[in-house]
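Biologist: Hi! Could you walk me through this model?
Modeller: Happy to, here it is.

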Amino acid sequence: MKTLPKVVIVLLLAVAVAGVLALKSRPSAPESATGAAEAVASPEPLRVAGETPDPESAPAAPAPPEGLPRLVELGADKCVPCKMMAPILDELKTEYAGKMEVQFIDVWKNPQAGEEYGIQLIPTQILFDASGKELFRHTGFFPKEDILAAWKELGFDFGTAPDAEPAFSRWAPAQPDTRPQDAVCYLCDGDIDDRTCTVMSTPAGDVGFCSPHCYVIMFASLTDETKSHQNAAVTDWVGGTRVPVTEALYLYGMDEGGRPEVKAFAERNAAEAERARSGGNVFSWEQFEAKETVARCGFCDRPVYPEDASIVRVDGMQTWGCCVMCALGVAARTGKDIHMTARDALTGEPITVTTLEGHVAELEPPTAVAWAGARKDPEGKIVSTGCFKQGFFSNEANLRKWVEAYPAATGHQTTIEQALAAKMKLTPEQISKACKIGECVPR
Ligand SMILES: [Zn+2]
Ligand SMILES: [Zn+2]
């Protein structure tokens, strides 16, 4: 047995070799469902069985400690696909305890192990039967469903993954929302301020919004081709009368937090007087609407205030996610890797996510979790409660504090990988309909 000189293994060659190994050692092995699993050569030399890898002389794997089918992953804690595998291995370990053994070996810290298993690339996953016989080998990222499918093909049906109970959930509000319906914004559920109330008349009744901004978002979400601004009115900041949205003037200023603040006026004099007092710019409806819709969600196309949004970088371009879930959805809509920055919904601390081929490759802080604002419909199916009810948190404790502070919030805790996976599952048609409101009717 020789040690390879300290060289970087040429990736293509290594992939080819691993492919040969995999083919020879998996008589009835299923194809990897990803097809293009990414194999990564260790930057450290792996000790291998001879300079020319020979699958026939690969040493037998160590015997399993007990009579369970076994999944062994050989990887390293710092390789990107290995990091992506870590939560999957954890889940398999928990969900199939007593049925399947799951083992992780860090070959950078323990190069001897790489030699024992005769691997060329990391991560490599090897499936063994209960007697320790190798059944199948895979290199690169190996999605959970594909692992289970591979086992199934080999005659080991562990069933589909049980619906793991979310770490934390609340399906009934801690306190009922007792606000009268006409005091609640149709879009964001915020309180409607009498001075900024915007109302849309529909055949089913009036629909109220907390601000012209929520109205603009709502209007952009309507799929009705005949939609028109003719049925909407804003409240005059001074007199409290209703003014058709297209006839009002808009004072576009900033609140103390640097977030846009919009006041509508029936008369220019009044708008100018308020501008002299509080600053900002006075716009016509056309100018106001253009300004409101210049930044849009990269997933659902809704107008956003960048100040409210998550920042998403894709292909060197910047876009926004109107909520954290939409930000993840940019990876699904574009089919590209994204880098997003969100804020902890409780503390405002930044949380960054980098994706790789539809999976979370890096998460900072690694303890970050997501709250999926949701409710259960009469059939018990979980449905989203919309963009305004989603959030990321630096850790579970922050999430719980936030849920406590919002007694009306319902939904469940989820991992950011699970939240991304839900978006990646969407069809192009579902993405095109995301966040759209077919018919505007009061609840
Ligand atoms: Zn609102
Ligand atoms: Zn969106």
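**Cores and sheet**

Modeller: In the largest nonpolar core, which has 72 residues, Cys-322 and Cys-326 touch the most other members. A core here is a set of buried Ala, Val, Leu, Ile, Met, Phe, Trp, Tyr and Cys residues joined through C-beta atoms within 7 Å, and buried takes 20 or more other C-beta atoms within 10 Å of a residue's own, placed from the backbone. This is a predicted model: local features need pLDDT of at least 70, side-chain atom pairs count only at pLDDT 80 or more, and totals for chains, interfaces and linings use all residues. Residues are numbered from 1 along each chain as its sequence is written, with chains lettered from A and ligands numbered from 1 in the order written.

Biologist: Which helix gives the most to this core?
Modeller: Helix H8 (residues 324-334), with eight residues; helices are DSSP runs of H or I, at least four residues, and strands are E runs of at least two, numbered from the N terminus.

Biologist: And what does Cys-326 touch?
Modeller: Cys-297, Phe-299, Cys-300, Gly-321 and Cys-387, leaving out residues up to four places away in sequence. Contact needs C-beta atoms, placed from the backbone, within 7 Å.

Biologist: New topic: in what order do the four sheet strands come?
Modeller: E2-E1-E3-E4, in an open sheet with mixed pairing; strands pair if DSSP finds at least two bridges between them. E2 (101-106) and E4 (134-139) are at the edges with a single partner strand each, so one side of each has no neighbour in the sheet.

Biologist: How many bridges join E1 to E2?
Modeller: Six, and the two strands run parallel. Val-72 has Gln-103 in E2 as its bridge partner.

Technical notes. A residue is buried if 20 or more other C-beta atoms lie within 10 Å of its own, exposed if 12 or fewer, and partly exposed in between; C-beta atoms are placed from the backbone. Two residues are in contact if their C-beta atoms, placed from the backbone, lie within 7 Å.
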